[in-house]
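Let's take a walk through this model, starting with charged side chains and ending at a pocket. Keep the structure open as you read.

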Amino acid sequence: MEDFRRLRIGQGMDVHAFAEGRRLVLGGVDVPHTRGLLGHSDADVLAHAVADALLGAVRGGDIGKLFPDTDPAFKDADSLVLLEKVAQFVRDEGYEILDVDSVIAAQAPKLSPYRDQMRENLARAMGVAVENVGVKATTTEHLGFEGREEGISATATCLCARCR
């Protein structure tokens, strides 16, 4: 039986508002839409939520601590590259990423055609098998800021195990 004291759960959440003149990047996929998300980096809410979940599992703070939006080095940064660095941080802390599950909340655009590519991109960035990464999308039935199409949010949960 697994020693459950070696297991850690992390939770992450991110929110970005829509903005004109930006591309919409979710899970490393350029999703066709009339607007993108506002942010210092590419504003990939899904990759950011996953990164925060991983950091939470190893008690490593959040992505703002590692990649502050006041640092010009991260201006328009590819969030999958940031996620790769977070995954390496998790490994350097002595943990293995076992499983990640996530939900994107967006009234529009329809995201189901891009889900598999998002899973593949996130898995590659974290160095895990794609079957260990879940991505779901939901609308909010026109409720809240997502429902009013003011922005998109994402949540993620992960399970990590101490390996040393």
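**Charged pairs and a pocket**

Aspartate 101 counts as partly exposed, with a relative accessibility of 34% (buried is under 20% relative accessible area, exposed over 50%, partly exposed in between, using a 1.4 Å probe and protein chains only). Before going further, a word on ground rules: this is a predicted model, where local features need pLDDT of at least 70, side-chain atom pairs count only at pLDDT 80 or more, and totals for chains, interfaces and linings use all residues. Residues are numbered from 1 along each chain as its sequence is written, and side-chain values use heavy atoms, with hydrogens and water left out.

Back to aspartate 101, which pairs with lysine 136 in a salt bridge whose closest N and O atoms are 2.6 Å apart (a salt bridge being a side-chain nitrogen of Lys or Arg within 4 Å of a carboxyl oxygen of Asp or Glu). Aspartate 101 sits in strand S5 (residues 95-105) and lysine 136 in strand S6 (residues 133-138), so the pair ties together parts 35 residues apart in sequence. Helices (H or I, at least four residues) and strands (E, at least two) are DSSP runs here, numbered from the N terminus. Lysine 136 is partly exposed too, at 34% relative accessibility.

The structure holds five salt bridges. Another one joins the side chains of arginine 22 and aspartate 76, at 3.5 Å from N to O. That pair links distant parts of the chain, 54 residues apart: arginine 22 is in the loop between strands S1 (7-19) and S2 (24-26), and aspartate 76 in the loop between helices H2 (63-66) and H3 (79-92). Aspartate 76 also bridges to lysine 75, with 3.9 Å between the closest N and O atoms.

Now look at isoleucine 63, in helix H2. Is this residue buried or exposed? At 14% relative accessibility, isoleucine 63 counts as buried. Leaving out neighbours within four places in sequence, its contacts (heavy atoms within 4.5 Å) include His48, Leu55 and Val86. Its C-alpha atom is 18 Å from that of aspartate 101.

What about the largest pocket? On a 1 Å grid over the protein atoms alone, a pocket is an open set of points where a 1.4 Å probe fits, with protein on both sides within 12 Å along at least five of seven lines; lining residues have an atom within 4 Å of a point. Of the 14 lining residues, Ser41, His48, Ile63, Phe67 and Asp69 are the closest to the centre of the largest pocket.
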